[in-house]
Amino acid sequence: MNKSNANKTKSGGAGELIVEISNLNKWFGSFHVLKDINLVVGKGERIVICGPSGSGKSTLIRCINKLEEYQEGLIKVDNIPVDDNVKNIAAIRSGKVGMVFQHFNLFPHLKVLDNLTIAQKLVLHRDQNEAKEVAMNYLTRVRIADQANKFPGQLSGGQQQRVAIARSLCMNPQVMLFDEPTSALDPEMISEVLDVMVELAEGGMTMVCVTHEMGFARKVADCICFMDKGQIVEKNTAKKFFEEAQNERTRLFLSQIISH
Amino acid sequence: MVERNYQAENSAFKELPDRQSPIKETSIGYWMRANLFSSFTSLLLTLISLFIIAVVIWGLLDWTVLKATWTGTTQDACDREGACWIFIGEKFLNFIYGYYPQLLYWRINLVVILFTLLIIPVTLKRIALRKRLLYGSLLVFVYPVIGAALILGVPSITCNVSDPHPLCYVPTTKWGGLMMTLILSYVGIVVSIPIGILLALGRMSNMPVIKMLSIIFIEICRGVPLITILFMASVVLPIFLPPGVEFNKLVRALIGIIFFQSAYYAEVVRGGLQAIPKGQHEAADAAGLNYTQKTYYITLPQALKIVIPSIVGTSISLAKDTSLVVIIGLFDVLAIVTTSAADSNWLGFDSEGYVFVAFIFWVFCYSMSRYSYYLERKYGIQKH
Ligand SMILES: Nc1ncnc2c1ncn2[C@@H]1O[C@H](COP(=O)(O)OP(=O)(O)OP(=O)(O)O)[C@@H](O)[C@H]1O
Ligand SMILES: [Mg+2]
């Protein structure tokens, strides 16, 4: 019941904002990939972004930690502008925003444990013992502590993605970005990753999640954004999104992904 | 539609135990049939190859062993039927140490022992990686300086022939033989690899000036044969120096070799860096690592692992190319052998000399390639 309270504060706009995206426009050369995007993410809020392939979902969330540059508008993370200032970007990446990728992107030459400790040591300047303790704690949370001394290549896809989630969590981010975290996985491994994400959501983590797992969206999302051709076509609460979507294109998209 | 009935088949199901394949793939007979005599052409080629191998081996064996002379002290002991190995025996120390004073050979031996002591911990798996890296960097950064100092001696003490001071000065003009070859190869390799890595990073950098300079350096050095670079180092370099400054020949050769070799390593390393998926950069960026940290801990180690075989290959080429320094008047092992074969006491034993030099080069180059093979396999299991 805690949870619904939290929901109310932020939907009322009074809650603390972690991510603020205003009038964001981005081009790849002459291709206008993001158009007038406005989105705010409050503390503890879970946002799911869906939409057809090529609609700009990945590009949008990658702008938040400046893996992509943008040309117009402004993104702020915890009131720090995401701009050309190297210090701002360093601040945002080191402990404000964590990211989980479609293809895990673990460091294959480092053991699982070292994958988790390296950035803690280099960026947060934790010592080896502290970093290891934090790492083991999160590995236990994603139920994979027994694999700590293996190399990523020795793990299954689902295990690798859970390691990747733990790796991001080690940096104590205020918001986690997920870019289709389950779409490179074999079907039988999807649920083990989604379970971890649901637990994370229940623990109060702020999340922005690009995914087509509608069951997951229904369960955890405070807000679902449907994107098409570089725009957010519809933004709605999970219940309304599935039951009474306002936009024709949203309904068409839903019917396509839910029908099979 | 035909309606089939699978019931009988399904109820007859029973789990089968593993059986052995009727073909014994491991037997020699099977291997020979599959690889040597599988068809008429294959049989013919096998026979022709066997014949050629027999002729060559017999000829070699005849000359190098059966008809060879092993004992004696002068060339008169040798008939010209087979190899005259006493020539090699008599000149052996010359081949190894050049014209270095015999009473000071221990200094060179000490340098070799030092190398062995440092390289063993680097290659041992049991020792912690941190320590191995420490020994490795000692080998690259400290050892060459100590080695050079030991071989060179103290400049103010001149050597007298009969009873030299243990630390007396032996100028590089007295260096030669295998020792020279190894010095050129070793310094050429360990100095060029770090420079090559920096050049590769420079070439891939976002900073236009650095990128430009790296490209120009790499393309010029790679576009010119080593022999030309050596000529330039010995003829052109002195022009840029203030008059009166005498630049040591060996140093000039080393500079030339390092220019050439680092450009090659740069391209090899760049190939490795380009093979690193974009996701690795993104994951490191997203975790807040800066450029230096990302390069040192994430991308470069992976890239270097991929290019180990090419790095070793390039190093082997260099080891062999060091013989070219003879054109600027340095005596590597090949040059010493050629000179020794012109000694009036030992006229006409070039063949023995060349066989010996070939054997020495082969031993060194082959061990390098075996070591690289071992590294490749060791890192192979960690591939994803
Ligand atoms: N680096 C780039 N250069 C040029 N165009 C790009 C680049 N990255 C993406 N695009 C284009 O931008 C558009 C949006 O890409 P994006 O990856 O954001 O789509 P997406 O919604 O994540 O799709 P998917 O579901 O396939 O992942 C696509 O048309 C893509 O081809
Ligand atoms: Mg995408």
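Predicted model: local features only at pLDDT ≥ 70, side-chain atom pairs only at ≥ 80, totals over all residues.
Figure 1. For 260 residues, a compact globule would come out near 18 Å, and chain A has 18 Å, so the two agree. Along its principal axes, the C-alpha trace of chain A spans about 50 × 45 × 40 Å. If you count the pieces of secondary structure, you get 10 helices and 10 strands in chain A. Of its 260 residues, 55% count as buried. The accessible surface of chain A is about 11600 Å², with 48% of it belonging to carbon and sulfur atoms. As for charge, chain A has 31 positive and 30 negative ones, and their mean positions sit 1 Å apart.

**Figure 2. Chain B as a whole.** Here the secondary structure is 15 helices and 0 strands. A compact globule of 384 residues would have a radius of gyration near 21 Å, but chain B has 29 Å. The C-alpha atoms of chain B fill a box of roughly 105 × 65 × 40 Å along the principal axes. Buried residues make up 37% of the 384 in this chain. Chain B exposes about 23300 Å², and carbon and sulfur atoms supply 68% of that. The mean positions of its 29 positive and 22 negative charges are 10 Å apart. Take the contacts in chain B between residues at least 6 apart in sequence: 66% of them join residues at least 24 apart.

**Figure 3. Helix H4 of chain A and what covers it.** Among the buried ones are A:Leu113, A:Leu116, A:Ile118 and A:Val123, along with A:Asn115, A:Thr117 and A:Gln120. The cover over the buried residues of H4(A) includes helix H5 (128-141) and helix H6 (157-169) of chain A, and also helix H13 (291-321) of chain B. Just after H4(A), look for A:His125, which takes a positive phi of about 55°.

**Figure 4. A loop residue of chain B, B:Thr172.** You'll find B:Thr172 between helix H6 (129-152) and helix H7 (177-203) of chain B. The side chains of B:Thr172 and B:Asn248 are joined by a polar contact of 2.8 Å. Not counting residues up to four places away in sequence, B:Thr172 touches B:Leu152, B:Asn248 and B:Leu250.

**Figure 5. B:Phe349, in the loop between helices H14 and H15 of chain B.** Helix H14 covers residues 333-340 and helix H15 covers 350-380. B:Phe349 is buried, with a relative accessible area of 2%. B:Gln75 is 274 residues away along the chain, yet the C-alpha atoms of B:Phe349 and B:Gln75 are separated by 9.2 Å. Leaving aside neighbours within four places in sequence, B:Phe349 is in contact with B:Gln75, B:Cys78, B:Arg80, B:Cys84, B:Phe87 and B:Ala341.

**Figure 6. B:Ser262, a residue in helix H11 of chain B.** The helix in view runs over residues 249-274. B:Ser262 is buried, with a relative accessible area of 1%. Setting aside neighbours within four places in sequence, the contacts of B:Ser262 are B:Ser192, B:Ile195, B:Gly196, B:Leu199 and B:Phe217.

Methods. Residues numbered from 1 in each chain as written. Chains lettered and ligands numbered in written order. Heavy atoms only, no water. Helix = DSSP H or I, 4+ residues; strand = E, 2+ residues; numbered from the N terminus. Rg over C-alpha atoms; globule rule 2.2 N^0.38 Å. Buried < 20%, exposed > 50% of the residue type's maximum accessible area, 1.4 Å probe, protein only. Contact = heavy atoms within 4.5 Å. Areas by Shrake-Rupley, 256 points an atom, 1.4 Å probe, with all protein chains shown as cover. Lys, Arg positive; Asp, Glu negative; His and termini not counted. Charge placed at Lys NZ, Arg CZ, Asp CG, Glu CD. Polar contact = N/O pair within 3.5 Å; in protein donor to acceptor, adjacent residues only side chain to side chain.
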